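Please consult the structure shown below while reading.

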Amino acid sequence: MLRRLLILGGLLLLVGLAALALAGRALVRSGRPQRSGEAPLAGLEAPASVRFDAWGVPHVIAGSGRDAAAAVGWLHANDRMAQLELSRRAAAGRLSEVLGAATLDLDRRFRTLRLAAAARAHLDALGEESRAWLEAYAAGVNAWLAARADDLPPELRALGVEPEPWTPADSLGVGMLLMADLSFLEWRMDEKRYGWWRALGPERARELAGAPAMELAPALAERAAETDPAREPGARSGAGASTDAG
């Protein structure tokens with residue numbers, strides 16, 4: 001009897017492992033980019049074509065700039081939908097909705113910087129042509145999403161994310177995110193340098209950063225000087241003046 005139970009248990013284990021392997025294989029192979037054939041993309045003025053070179057770089061041939069923007073949106077979704085989704089969530093301070101507490105600090109930071117609000121303000125100020133290009137790009141992303149349905153990249157399936165329709169504001173938000181990420185000088189973020197400059201003054205901020213040549217944009221330096229600790233009532237004067245860091 002015991003032998004039969006062991007055999008049965010072994011068989012069940014093998015079946016379970018096989019099912020797990022098949023599920024894992026399906027997950028890994030999901031959302032693969034299309035490299036040949038045709039794809040539906042409504043709203044084009046004329047058919048657009050894409051050629052992938054030996055390095056996998058796409059070359060777009062389209063009848064107009066808007067058609068090219070739509071094709072590029074489709075191509076970005078085709079190759080980078082997980083990156084697009086996580087990037088727009090980062091810009092909007094919504095990563096923690098899918099990644100949990102580990103990204104709360106990032107969400108707080110980008111909400112404090114108001115990247116999403118800045119993106120919406122830029123969108124409202126755009127001219128007709130620029131807005132049309134952004135709308136065409138969004139249409140391309142959404143055409144890929146609509147055609148794929150549940151066949152999404154494994155990262156999104158593993159997280160249980162169902163992407164919302166892409167919008168022009170999402171594109172601008174990702175641009176704001178990139179600008180924030182690239183705003184380094186002496187490996188210090190602009191807003192951090194500004195905070196040091198305002199709280200400690202230029203000399204102590206440079207000392208803290210270990211960068212004697214560190215500078216701040218003139219407009220930011222002027223703004224920071226409005227609350228220069230040397231100007232505050234009760235502040236000690238002279239080169240040795242300091243504030244209590246607690």
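At what angle do the axes of α2 and helix α6 cross, and within what distance do they come? In this predicted model, the two axes cross at roughly 50 degrees and come within 7 Å.

**Packing of α2 with α6**

- Helix α6 covers residues 128-148, and its crossing with α2 is right-handed.
- On the α2 side, the contact is formed by G65, R66, A69, A70, V72, G73, W74, H76, A77, N78, M81 and L84.
- On the α6 side, the partners are A132, W133, A136, Y137, G140, V141, A143, W144, L145 and R148.
- Sorted by class, this contact comprises 15 nonpolar, five polar and two charged residues.

**Packing of α6 with α8**

- Helix α8 (residues 168-181) packs against α6 at an angle of about 100 degrees, and the axes are 8 Å apart.
- Because of this angle, α6 is roughly perpendicular to α8.
- Residues L134, E135, Y137 and A138 of α6 meet P168, S171 and L172 of α8.
- Five nonpolar residues, one polar residue and one charged residue make up this contact.
- Y137 of α6 takes part in the contact with α2 and also in the contact with α8.

**Packing of α9 with α11**

- Helix α9 (residues 190-200) and helix α11 (residues 218-225) have axes 8 Å apart and pack at an angle of about 35 degrees.
- The crossing of α9 and α11 is right-handed.
- From α9, Y194, W197 and R198 contribute to the contact, while α11 provides L220, A221, R223 and A224.
- The contact contains five nonpolar and two charged residues, with no polar residues.

**The largest pocket**

- The largest pocket holds about 420 Å³ of space.
- It is lined by 16 residues, of which G37, E38, A39, A48 and V50 are the closest to the pocket centre.
- Two elements, β1 (49-52) and α2 (65-92), each give two or more residues to the lining.
- The lining is made up of ten nonpolar, four polar and two charged residues.

How values were computed:
Residues are numbered from 1 along each chain as its sequence is written. This is a predicted model: local features need pLDDT of at least 70, side-chain atom pairs count only at pLDDT 80 or more; totals for chains, interfaces and linings use all residues. Side-chain values use heavy atoms; hydrogens and water are left out. On a 1 Å grid over the protein atoms alone, a cavity is a set of points where a 1.4 Å probe fits but cannot get out, and a pocket is an open set with protein on both sides within 12 Å along at least five of seven lines; lining residues have an atom within 4 Å of a point. Grid points are joined across faces, edges and corners, and a volume is the space filled by probe spheres set on the points. Helices (H or I, at least four residues) and strands (E, at least two) are DSSP runs, numbered from the N terminus. Ala, Val, Leu, Ile, Met, Phe, Trp, Tyr, Cys and Pro count as nonpolar, Asp, Glu, Lys and Arg as charged, and the others, Gly among them, as polar. Axes are lines fitted to C-alpha atoms, for helices over the stretch in contact, and angles run from 0 to 180 degrees between N-to-C directions. A crossing is left-handed if the near helix is turned anticlockwise from the far one by less than a right angle, and right-handed if clockwise. Contact means heavy atoms within 4.5 Å. Angles under 35 degrees count as roughly parallel, over 145 as roughly antiparallel, 65 to 115 as roughly perpendicular and the rest as oblique.
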